[in-house]
Amino acid sequence: MPFHEPTAEEIDPDVTRIFPFHLAKKHVLLPLHKNEAGHTVVAMSDPTNGTSLEDLRAYYPDGVKVLLSSPEEILKLLERHHKQNTNVESTRIVLEFTNNEEMETEVEAKKIHEIAFGPKVIAAVNNIIAGAKKENSSDIHIEPYRDNLRIRYRIDGVLRERGILNKSMHMPIVSRVKIMGQLDIAERRIPQDGRARVKLMGQPLDLRISTCPTQFGEKVVMRLFAKDNIKTIESLGFSDRDRKLFIDIISKPHGMFLVTGPTGSGKSSTLYAGLLRINSPEVNIITIEDPIENELDGINQVAINHKANLTFASVLRSVLRQDPDICMIGEIRDRETADIGVRAAITGHMVLSTLHTNSAAGAIDRLKDLGLEPFMLATSLKGVLAQRLVRRICTSCRAEVATENLYNIKLSRNFVGSGCKDCNFSGFAGGRLGIFELVDITADIRKLINQGAGEDQIQKYLREQNLPSMIDDGVSKVEQGITTLDEVMSAATED
């Protein structure tokens with residue numbers, strides 16, 4: 001292969017910036033320009049590297065022409081190009097692309113593929129994701145309508161509109177996201193699910209991607225999972241009593257601990273925080289998740305795969321032969337998973353999991369509904385935590401107000417956020433925190449379970465013992481000026 005020394009004059013910025021800088025640096029290569037045949041000319045230090053060639057073909061589907069070049073010259077030009085373009089890329093905003101009239105709404109799949117790898121579309125998607133991460137958004141919604149494309153972020157549990165784009169950007173943006181998630185860009189009639197991993201400002205970010213056909217085209221929702229979003233127990237919002245009891249229960253050598261609540265109530269975050277606390281070189285921790293939401297160093301994580309018949313139950317059965325000390329099951333959904341989990345807890349393992357129930361006492365009824373015998377529950381269950389998430393009052397505009405007798409609850413102090421620029425005039429800022437009801441399964445509660453007591457009977461016993469309810473915990477946070485009573489009642493009441 002002839003040797004070629006690349007020069008700065010050969011670089012076409014629109015071609016070079018398509019390939020991620022960190023990959024180019026890793027593989028020591030530099031995409032230069034398109035030749036007359038429409039192929040991308042690439043300077044490489046090792047043209048025999050199959051992995052490098054596969055990555056190149058993914059970003060340049062029209063083909064590549066490889067030139068052998070010195071690694072020193074490639075890296076020098078690559079760094080110079082990256083430095084020159086960093087400022088330009090960082091100043092781009094999503095709304096720059098609202099008046100792009102060059103793209104037609106209906107084009108062939110091949111043409112869409114080409115457009116999706118175009119620098120403007122890549123920059124638009126990158127900016128959408130970067131903006132969501134900057135605002136600590138949990139989800140990105142890309143929604144098509146008759147005449148435009150709406151971008152919304154879910155911030156602190158509430159959807160906020162963050163851009164209206166020209167409808168012509170819909171298909172290119174959706175196709176770009178689908179390519180990132182390794183989905184079929186030609187299939188628009190059925191929902192698809194995928195995952196992607198990107199690096200944002202040098203930090204890994206996992207995306208769970210879901211598409212759904214709507215009246216005006218495919219809607220896309222991307223859920224963001226950032227490693228730096230993994231919370232500690234201290235940041236969850238526990239009271240001193242609940243924090244100490246939570247740590248004590250999950251540190252037991254065997255048994256089952258459950259976290260309950262509806263979808264989006266922070267159950268996984270709580271279990272992750274617990275795993276971080278009890279993780280050590282002396283214990284073998286294995287998680288079974290659908291999907292793996294965050295990577296935890298030193299912990300073995302397994303993703304279930306329905307297509308390969310890897311269910312929670314089948315994976316759990318195999319995992320128990322891996323000599324685990326602690327098992328975390330993403331969710332107990334069926335009798336088989338519940339039965340294996342309880343038996344594991346009885347036979348010397350600590351099992352952590354979640355359930356979709358409204359209260360801690362309701363978790364016991366739910367497990368009985370799945371077919372578990374009361375005596376097995378009484379033997380295995382060590383604790384149940386029910387939780388919800390509430391928004392924090394903005395500290396910049398927080399003000400104390402009259403303690404009116406709202407919701408028939410008497411407050412010693414009451415606070416609200418009046419709204420300011422720091423909170424976009426919402427009155428809330430700083431993310432969300434939990435309100436909790438943590439039940440330690442004592443000997444008296446085990447006796448009630450063995451006797452077949454239902455949710456109402458157990459709830460009555462807990463109130464008689466003056467155990468703080470979820471609303472009690474929320475009211476305490478209201479009186480401390482952390483959240484509002486409206487937030488607590490909206491989150492904690494079922495009606």
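Q: What makes strand β11 mostly covered?
A: Five of the five residues of β11 (285-289) are buried, where buried means under 20% relative accessible area, exposed over 50% and partly exposed in between, with a 1.4 Å probe and protein chains only. Strands are DSSP runs of E with at least two residues, helices are runs of H or I with at least four, and both are numbered from the N terminus. This is a predicted model, in which local features need pLDDT of at least 70 and side-chain atom pairs count only at pLDDT 80 or more, while totals for chains, interfaces and linings use all residues. Residues are numbered from 1 along each chain as its sequence is written, and side-chain values use heavy atoms, with hydrogens and water left out.

Q: How do you know which faces of β11 are covered?
A: In a regular strand the side chains alternate between the two faces of the sheet. On one side of β11 are I285, T287 and E289, on the other I286 and I288, and all of them are buried.

Q: Why are β6 and β7 called edge strands in the six-stranded sheet?
A: The open sheet has the order β6-β5-β4-β9-β8-β7, with antiparallel pairing. β6 (158-166) and β7 (192-200) each have a single partner strand, so one side of each lacks a neighbour in the sheet. From one strand to the next the twist averages 20 degrees. The partner of β6 is shown by eight bridges to β5 (residues 148-155), which runs antiparallel to β6; N148 has N166 in β6 as its bridge partner.

Q: Why is the pair K219 and E143 called a salt bridge?
A: The term requires a side-chain nitrogen of Lys or Arg within 4 Å of a carboxyl oxygen of Asp or Glu. The N to O distance here is 3.2 Å, so the pair qualifies. K219 lies in β9 (residues 217-226) and E143 in β4 (residues 139-144), so the bridge ties together parts that are 76 residues apart in sequence. K219 is partly exposed at 23%, while E143, at 4%, is buried.

Q: What makes E331 buried but R333 partly exposed?
A: E331 has a relative accessible area of 17%, which makes it buried, and R333 has 35%, which makes it partly exposed. The two also form a salt bridge, with the closest N and O atoms 3.2 Å apart.

Q: What makes the set of 56 residues a nonpolar core?
A: A nonpolar core consists of buried Ala, Val, Leu, Ile, Met, Phe, Trp, Tyr and Cys residues joined through side-chain atoms within 4.5 Å. The largest such set has 56 residues, and those with the most contacts inside it are M256, L258, I332, L367 and I449.

Methods. Two strands pair if DSSP finds at least two bridges between them. Axes are lines fitted to C-alpha atoms, for helices over the stretch in contact, and angles run from 0 to 180 degrees between N-to-C directions.
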